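Open the model in your viewer and keep the selection panel at hand.

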Amino acid sequence: MSTTMRAVVLDAPGPVTNFHVRDLPVPEPRPGWVRIQVRSFGLNRSELMTRLGHSGGDVTFPRVLGIEATGVVDHDPTGTFEPGRQVMTMMGEMGRRFDGGYAEYTCVPVTQVIPFRSDLDWATLGAVPEMLQTAYGSLTDGLDARPGQSILIRGGTSSVGLATAALAKRLGMTVLSTTRAPAKAELLLDLGVDHVLIDDGHVAEHTRAILPEGVDTALELVGTPTLPDTLRATARHGVVCFTGMLSNEWTVKEFYPISYIPRGVRLTAYSGEASDLPADVLQRFLDDVAAGLAKVPIEIIYDLEGVANAHARMEANSSQGKLVVVL
């Protein structure tokens, strides 16, 4: 085995030109950690925020970003996983407090390693971890979604929005999903979305034209600018889960709950870890994808040298699915 690996290093917060592919020493797992040979990874907006310098003082540079990775176990001093075992990992301060998935090898705590078995290609597998964990956690912990309920997905063509739609349909929910671009409506319909709403800022009005009482549940992925309208689209005793910030606007200024939240509507939020995605849920989803019962919305597949271009595409909000790197 080589003692060096290729990795995408961010020297300092700033533009995509701050990324550089370099040779680094292959990391050694500390006690209780596992070394994974990375075969693929998806790109996430939280990594964009880190690259732009919006992730707080816990992040030091230079840093290998990447809050998720998919691959095989290379070395596990804990004895939990045999070498070659297919695994996924995510979160746990990957790519922030310690180097993450933008590399040929990464080391993570054994507690955030999820095993699976699949013959799907590495690009498909690499798109799944954070996307599925966020969608599943939002539906369960965030919304406590139930079969037969309706759901509004605000930011429907994001990777998490697309995954949530697939999970919600499998759960037997009526899915309303938004997009700002009429050309993306077909993408949502192909995933089984029942009603595509063009987001012109008045989604509550469009929602109530379909469901006069409002939706039972709503997933907010755009952020604080659209949250008031999403709340107004929700039925009394319905639940809104704030999960995403595609708008890059994080806070509500001069928040006064009584005037901000409609009477009887519940507002919650979701931010999870690897432990929120049970191995059996992951395996069942991968099996559904293999059987053609679920889809993984991949837009472009890159190599390590393409990470900067992928970040530029994320920043421009021009993607229509998951951006994935395959090594």
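The expected span of a helix is 1.5 Å times one less than its number of residues. Keep that rule in mind for the first stop; note also that this is a predicted model.

**Stop 1: helix α4**

Select residues 159-171, which form helix α4. From first C-alpha to last, the 13 residues of α4 reach 18 Å, close to the 18 Å expected. Now colour the selection by accessibility, where buried means under 20% relative accessible area. How many residues of α4 are buried? The count is 10 of 13, and α4 is mostly covered. The buried ones are Ser159, Val160, Gly161, Leu162, Ala163, Thr164, Ala165, Ala166, Leu167 and Ala168. Step past the end of the helix to Gly172, which follows α4 and has a positive phi, near 90 degrees.

**Stop 2: the whole protein**

Zoom out and show the cartoon: the protein has 10 helices and 15 strands. Its radius of gyration is 20 Å, close to the 20 Å given by the globule rule for 327 residues, so the protein is as compact as a globular protein of that length. Along the principal axes, the C-alpha atoms fill a box of roughly 65 × 40 × 35 Å. Of the 327 residues, 54% are buried. Among contacts with a separation of 6 or more, 69% join residues 24 or more positions apart.

Switch to the surface. Its accessible area is about 13,900 Å², and carbon and sulfur atoms account for 51% of that. Colouring by charge picks out 28 positive and 38 negative side chains, with the centres of the two sets 3 Å apart.

**Stop 3: helix α3**

Select residues 129-142, helix α3. Here 11 of the 14 residues are buried, so α3 is largely enclosed by the rest of the structure. The buried set includes Pro129, Glu130, Met131 and Gln133, as well as Gly142. Asp144 follows α3, and its phi is positive, near 50 degrees.

**Stop 4: Leu221**

Select Leu221, in the loop between β11 (215-220) and α7 (227-232). Is Leu221 buried or exposed? Its relative accessibility is 4%, so Leu221 counts as buried. Show its contacts, leaving aside neighbours within four places in sequence: Leu221 touches Ile153, Arg154, Gly155, Ser158, Val160, Gly161, Thr243, Gly244, Met245 and Leu246. Val160 and Gly161 are also among the buried residues of α4 from the first stop. To finish, draw a distance from Leu221 to Glu273, 52 residues apart along the chain; their C-alpha atoms are separated by 18 Å.

Conventions
Residues are numbered from 1 along each chain as its sequence is written. This is a predicted model: local features need pLDDT of at least 70, side-chain atom pairs count only at pLDDT 80 or more; totals for chains, interfaces and linings use all residues. Side-chain values use heavy atoms; hydrogens and water are left out. Helices (H or I, at least four residues) and strands (E, at least two) are DSSP runs, numbered from the N terminus. Buried means under 20% relative accessible area, exposed over 50%, partly exposed in between (1.4 Å probe, protein chains only). The radius of gyration is taken over C-alpha atoms; the globule rule is 2.2 Å times the number of residues to the power 0.38. Contact means heavy atoms within 4.5 Å. Accessible areas come from the Shrake-Rupley method with a 1.4 Å probe; for residues, only the protein chains shown count as cover. Lys and Arg count as positive and Asp and Glu as negative; His and the chain ends are not counted. The place of a charge is taken as NZ of Lys, CZ of Arg, CG of Asp or CD of Glu.
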